[in-house]
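Here is a briefing on one protein chain, with the main points grouped by topic. Please look at the sequence and the structure before reading on.

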Amino acid sequence: MDTANTLLLICGLLLVVSILAGVISNRLGAPILLTFLVIGMLAGTDGIIGLNFDDPDIAFIIGSMALVIILFDGGMRTNPQRFRVALWPAISLATVGVAITCTLVASAAVFWFGLPWPAALLIGAILSSTDAAAVFGIFQSQGLQIKERVGATLEIESGSNDPMAVILTLTMTAAVASGEFNQWYWLVADVFWQLIGGLFFGWLGGRLFIVAGRKLPLSFSFFPLLAVASAILAFAVTAKLGASGFLAVYLMGFLIGNARLPQLVHILHVQDGLAWLAQISMFLILGLLVTPSYLVAYLPVALGIAFALIFIARPIAVVISLLPFSFPWREQIFISWVGLRGAVPIILALFPWLSGVDQQELYFDIAFVVVMVSLLIQGWTIAPMARWLNLEVPKRPEPQQRMPLSSVPSKEALEVWLYKIDKDSPACDHTWSELKLTAPATFVGLIRDGEWLQPETKPTVEEGDNLLVTATLRDIDEVSRILASGGRGLKINEQGFFGDFSLRGDLTFTEVSSVYPLGQVDDAILGKTLKDYFTQKFHRRVVIGDTAQVGDVVLTVREVNEQGEVQSLGIKAKE
């Protein structure tokens, strides 16, 4: 009993310290995942508490379950528009990019440090994939919003490149353990089954849960639990059949997150907490598993491999993988820099340990040091790098609180949204009737100084008010565009990013030139609409954030419909 109480005390203390330290590190701009990792090390064998934890099996189980929750959460928060604009670049990075990274890292290990090719290829395979927990965690903790195609490419890549890395790691682990490589066509067949099987079981799991969400008479309190239990079950079944469980849960989350279930808000609220708990637990347990004093033996090799990975292998892999997709050089630099390594390489490094290969500590210690270096160098500089490369865009406007009307029998999910009004909100200093919303929404009233001002009083919206509105879930973007804040506290705001005013996409350049000086513009362009100009300029789907210089102005896409047609743009003078 006393041992159990002591264990609970230590677990509770580590979680509390991690959360409080995370708040401090976030204010300092430090990667919050690095903080969890360091606290685990401080609590470990060479640390302050001196906990002796050396069980890779438990660490592997906890790490795998945590990754399931993180990928499931990431899939639910992925908008289908992101798949439309970034699926194929992300797949190229997740397959071709992983293979190139593995090869280049292995080459560096062989030619710089004299490691044998099997061991070097195993190290390359372990370090070849970016980490979803690191990418999602840093984007969320730093509140970073970047151009849609770039952000979508990074998120989909990090959520889908684990299968390739797992396959390569298992193959190389077997080769190192047995001293011989399997025939190449078995490797290709395995890759094919991992991907196809993962996609199939993810789709099946997602569809079954959506049917259950619409048919089962369960309390709304149970659906978040059913969701995470279903994700773990889908992962286990898929992995048991030899396919990619990680890919399955990511796709399953994507389908559920975009099914407009009335229970979705409840699920996302719970998942948010579970995802953070999973990240904290995973990085704490991996920090506990490492013995810092042992890292010194392989430190020169690990630092050399980290340098090769960050500054040579990842950039080359990105350039080659994105060749068919016409990414500008600024975007390629950023994608190269956000090749974050996190918990996944450390968990993959447990495969050789669990398989009992020679020098098993070599792989784990190198992976751990490389992850630390990646989080320190890349994780700490993601936001400054995005701003330096002019890739940051204003955050998507959203309500401060969302309250689903779960029990209302409606064909579409109804919610009540609360918007905190400040001077940057377009609704400020207007009555509800003056707002001219294009989406159907019902004004519920204002909360001012704790008092409820009802719609019948026709109050004028003032700074500091809390505005309540009821609408369907599909109209949240349109309503938020009018009611949410324009960006107080952001590094940039819409006016600074998009220009002084907006333009409709169906205007011609001749019409624009009558009210805004464009300078020297070719006659062939003047007759075109802004929408047609952007459609013809890019040999791909136009996305929000795309820019074009015409004469003396810069036009920036602000809104795109589902067909990829430009609906509105911002205009500002060329710098």
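Leu414 stands opposite Thr472 in strand β5, where strands are DSSP runs of E with at least two residues, helices are DSSP runs of H or I with at least four residues, and both are numbered from the N terminus. The model is predicted, so local features need pLDDT of at least 70 and side-chain atom pairs count only at pLDDT 80 or more, while totals for chains, interfaces and linings use all residues. Residues are numbered from 1 along each chain as its sequence is written, and side-chain values use heavy atoms, with hydrogens and water left out.

**Strand β5 and its partners**

- Strand β2 (residues 414–420) pairs with β5 in the antiparallel sense over seven bridges; two strands pair if DSSP finds at least two bridges between them.
- Strand β3 (residues 442–448) also runs antiparallel to β5, and five bridges join the two.
- Within β5, Leu467 is the bridge partner of Leu446.

**Burial of β5**

- Strand β5 covers residues 466–472, and because seven of its seven residues are buried, the strand is largely enclosed by the rest of the structure.
- Buried means under 20% relative accessible area, exposed means over 50%, and partly exposed lies in between (1.4 Å probe, protein chains only).
- On one side of β5, Asn466, Leu468, Thr470 and Thr472 are buried.

- Phe254 is found in helix α11 (residues 245–257).
- Phe254 counts as buried because its relative accessibility is 12%.
- Phe254 and Arg77 are 177 residues apart in sequence, and their C-alpha atoms are 7.1 Å apart in space.
- Leaving aside neighbours within four places in sequence, Phe254 is in contact with Gly75, Met76, Thr78, Asn79, Pro80 and Phe83; contact means heavy atoms within 4.5 Å.
- Gln271 has its place in helix α12 (residues 264–289).
- With a relative accessible area of 1%, Gln271 is buried.
- Not counting residues up to four places away in sequence, Gln271 touches Ile69, Phe72, Asp73, Met76, Arg77 and Val228.

**The chain as a whole**

- The secondary structure of the chain comes to 23 helices and nine strands.
- Of the 575 residues of the chain, 53% count as buried.
- Among contacts in the chain with a separation of 6 or more, 74% are between residues 24 or more positions apart.
- The accessible surface of the chain comes to about 26000 Å², and 62% of this belongs to carbon and sulfur atoms.
- Accessible areas come from the Shrake-Rupley method with a 1.4 Å probe, and for residues only the protein chains shown count as cover.
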